[in-house]
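Subject: Structure handover

Hello,

Please find the structure below. My notes on what was found in it follow.

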Amino acid sequence: MHGKNLTAAAVFLLGAITDWLDGWFARKFDQTSAFGAFLDPVADKLFMAVAFGTVLASGALSWWELVGVLARDIVASVAFLVVSVRGRASSIPARAGGKAVTVMQVATLFAFVLDSPYLHPLAHATAAIALYAIWDYTRAAPKASRPL
């Protein structure tokens, strides 16, 4: 492994930790807001799109593997746009499946940065968990959604 890969992994790890700490502090000190609840997942999805765009440009994963890895984010973004256009924008609290997808996306990015042989298996596992998360959120949406 090259020093450049370790530096990239360290920067990525620092970003992931600060993102997690930001949310933790906001909840712990009751500093959440409707705008923050909206902005945090948008920023997370933009980060993942850019990061996985880099993976796609490298050729390390195929386009269909990336669609699988980002399936939960793609479906959530389309669903949000549809309900927003209909004037019924709402949010669904984070669920275990969604959190698992995020963890697996981060693991997949680490595998890419570190040039790991586990990149493809992690991408496929992430896609499978994303499909479960989509099903779970779809099932929970009617009961759990709250207006923005």
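Does Arg139 count as buried, partly exposed or exposed, and at what relative accessibility? Arg139 counts as partly exposed, at 39% relative accessibility, because buried means under 20% relative accessible area, exposed over 50% and partly exposed in between (1.4 Å probe, protein chains only).

Some conventions before the rest. This is a predicted model, in which local features need pLDDT of at least 70 and side-chain atom pairs count only at pLDDT 80 or more, while totals for chains, interfaces and linings use all residues. Residues are numbered from 1 along each chain as its sequence is written, and side-chain values use heavy atoms, with hydrogens and water left out.

Confidence

The mean pLDDT (the predictor's confidence in each residue, from 0 to 100) is 82 for the protein, and 84% of its residues reach 70 or more. Helices and strands here are DSSP runs numbered from the N terminus (helices H or I, at least four residues; strands E, at least two). Confidence is highest in helix H3 (residues 63-69), at a mean of 96, and lowest in strand S2 (residues 146-147), at 56. Where pLDDT is low, the predicted coordinates should not be read in detail.

Salt bridges

The whole structure holds 4 salt bridges, each defined as a side-chain nitrogen of Lys or Arg within 4 Å of a carboxyl oxygen of Asp or Glu. One of them joins Arg139 to Asp136, with the closest N and O atoms 2.7 Å apart. Arg139 and Asp136 are 3 residues apart in helix H6, so about one helical turn separates them. Asp136 counts as buried, at 3% relative accessibility.

Another salt bridge is between the side chains of Asp73 and Lys45 (3.7 Å, N to O). This pair links distant parts of the chain, with Asp73 in helix H4 and Lys45 in helix H2 (residues 34-58), 28 residues apart. Asp73 is buried at 8% relative accessibility, whereas Lys45 is partly exposed, with a relative accessible area of 24%. Asp73 also meets Arg72 in a salt bridge (3.3 Å, N to O), and both of these residues are buried.

Helix H4

Helix H4 (residues 71-85) has 15 residues and reaches 21 Å from its first C-alpha to its last. That is close to the 21 Å expected at 1.5 Å a residue, the expected span being 1.5 Å times one less than the number of residues. Its buried residues are Ala71, Arg72 and Asp73. After H4 comes Gly87, which has a positive phi, near 80°.

Helix H6

The structure has 1 aromatic pair. The ring centres of Tyr132 and Trp135 are 5.8 Å apart and their planes are at 40°, so the pair is tilted. For reference, rings of Phe, Tyr and Trp (its six-membered ring) pair if their centres lie within 6.5 Å; planes under 30 degrees apart count as stacked, over 60 as edge-to-face and the rest as tilted. Tyr132 and Trp135 are 3 residues apart in helix H6, about one helical turn. Both are partly exposed, Tyr132 with a relative accessible area of 42% and Trp135 with 49%.

Thr138 also lies in helix H6 (residues 119-144) and is exposed, with a relative accessible area of 54%. Its side chain reaches the backbone oxygen of Ile134 at 2.7 Å. Thr138 and Ala76 are 62 residues apart in sequence and 9.8 Å apart in space, C-alpha to C-alpha.

Regards

Terms used: Polar contact = N/O pair within 3.5 Å; in protein donor to acceptor, adjacent residues only side chain to side chain.
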